[in-house]
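Please keep the sequence and the 3D view open as you read.

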Amino acid sequence: MLTELKTITLLGAGGKMGMRISDNLQKSQYQVFYCETAPQGQQRVNDAGREVTDADTSIAISDVVILAVPDIILQKISSVIVPKMKPGAILLTLDPAASYANLIAQRADILYAVAHPCHPSVFLERYTKAEYDDAFGGVAAVQSIVAAFEQGTAEQRSALENIVRQMYAPVDDVHWITVKQLAYLEPTLVETVTCMVGTLMKEALDETVKSCGVPEAAAKAIMYGHIQIALAVAFRSTNPFSDACMIAIEYGKEKIIKPDWKTIFDEKELDLVLARMLKINAVRR
Ligand SMILES: NC(=O)c1ccc[n+]([C@@H]2O[C@H](COP(=O)([O-])OP(=O)(O)OC[C@H]3O[C@@H](n4cnc5c(N)ncnc54)[C@H](O)[C@@H]3O)[C@@H](O)[C@H]2O)c1
């Protein structure tokens, strides 16, 4: 088994995550091979001063193969890539969906990991413009990473953590959990709930302007301030919501949220949403 990880193949190097990760790995001590099949993606790789490599050649000599390709093609791509990997190498994916659904091609002599960025916290203390501008993370604002590596030894995990820290730098914590726990974080916690609530807030803002005739600037001003204070009160108990606000919150829950909404945390529901996202009939068990 490999403990020193030196050589990396990145598939999907010209995609959204591929470009971000490449920008950071390019500054690292690792030997990185950038693989990309789409002409536009290849152009992006070249424009960034990187060379596109033939995947067949680099995969066979890489300690780590990163699949930065869309989740819905991971089953097909992994079935081609995994047989070409060297024994002891690590296959790293960037989202838990396909791993949780057991779609990734398996081999007993390679190891599997997932590492997903948390994005910089809304509570992060930012000092520079670059930190403020870095909403996604991976450029200037510190973020944490959630990751799973359920088979590896402590040494291998530590070596892999170094790569993960470089990919998503700057990074403070890397939280090592299971693939299933990762799936409960994303999609359930952050996409099904948090991102959904974000889009609900935007729809409410648009409706306030469109149907109630409130000037957009006034609606945005009060909403953006209240997003900040609502999060500070709910998550940090900076001060309590007022009594009248609590009544309005309860009214909002009655009108908007289904009483049984927490069933989204049932395993059955997790399987359903993941199957829908991966465009398959059902996750494999
Ligand atoms: N986009 C995000 O915000 C985000 C955030 C966190 C994690 N992720 C995860 O990152 C992964 C990649 O997502 P993305 O949004 O960057 O996808 P993307 O569609 O932006 O990029 C995928 C790239 O892979 C390339 N590609 C496809 N097949 C290939 C092959 N056989 N060999 C080499 N390259 C190939 C495509 O041409 C494309 O450039 C997914 O697992 C996704 O869940 C994405």
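Predicted model: local features only at pLDDT ≥ 70, side-chain atom pairs only at ≥ 80, totals over all residues.

How far from an oxygen atom of the ligand does a polar side-chain atom of Glu-36 lie? The distance is 2.5 Å. The points below cover the ligand site, an annotated domain and a nonpolar surface patch.

**Ligand site**
- Lys-16 also points to a ligand oxygen: a side-chain N or O atom is 2.9 Å from one.
- Met-17 uses its backbone instead, with an N or O atom 2.8 Å from an oxygen atom of the ligand.
- Taken alone, the ligand exposes 830 Å², and the protein buries 78% of that.
- Two elements, α1 (16–25) and β5 (111–117), each give two or more residues to the shell around the ligand.
- In total, 21 residues surround the ligand. Gly-15 and Asp-71 are among the closest, together with Lys-16, Met-17 and Glu-36.

**Annotated domain**
- An unreviewed UniProt entry places the domain "Phosphogluconate dehydrogenase (decarboxylating) C-terminal" at residues 126–277.
- Over residues 126–277 the chain is 65% helix and 8% strand. The end C-alpha atoms are 34 Å apart.

**Nonpolar surface patch**
- Leu-189, Met-196, Val-197, Leu-200, Ile-256, Ile-257, Trp-261 and Phe-265 make a nonpolar surface patch of about 660 Å².
- Helix α8 (residues 179–212) gives the most to the patch, with four residues.
- Trp-261 sits in the loop between α10 (243–256) and α11 (267–278).
- Trp-261 has a relative accessible area of 34%, so it is partly exposed.

Terms used: Residues numbered from 1 in each chain as written. Heavy atoms only, no water. Patch = residues over 30% accessible without salt bridge, like charges linked within 9 Å, V, L, I, M, F, W, Y side chains within 5 Å. Areas by Shrake-Rupley, 256 points an atom, 1.4 Å probe, with all protein chains shown as cover. Salt bridge = Lys/Arg side-chain N within 4 Å of Asp/Glu carboxyl O. Buried < 20%, exposed > 50% of the residue type's maximum accessible area, 1.4 Å probe, protein only. UniProt positions renumbered as here; feature names shortened; annotations may be inferred. Near = heavy atom within 4 Å. Polar contact = N/O pair within 3.5 Å; in protein donor to acceptor, adjacent residues only side chain to side chain.
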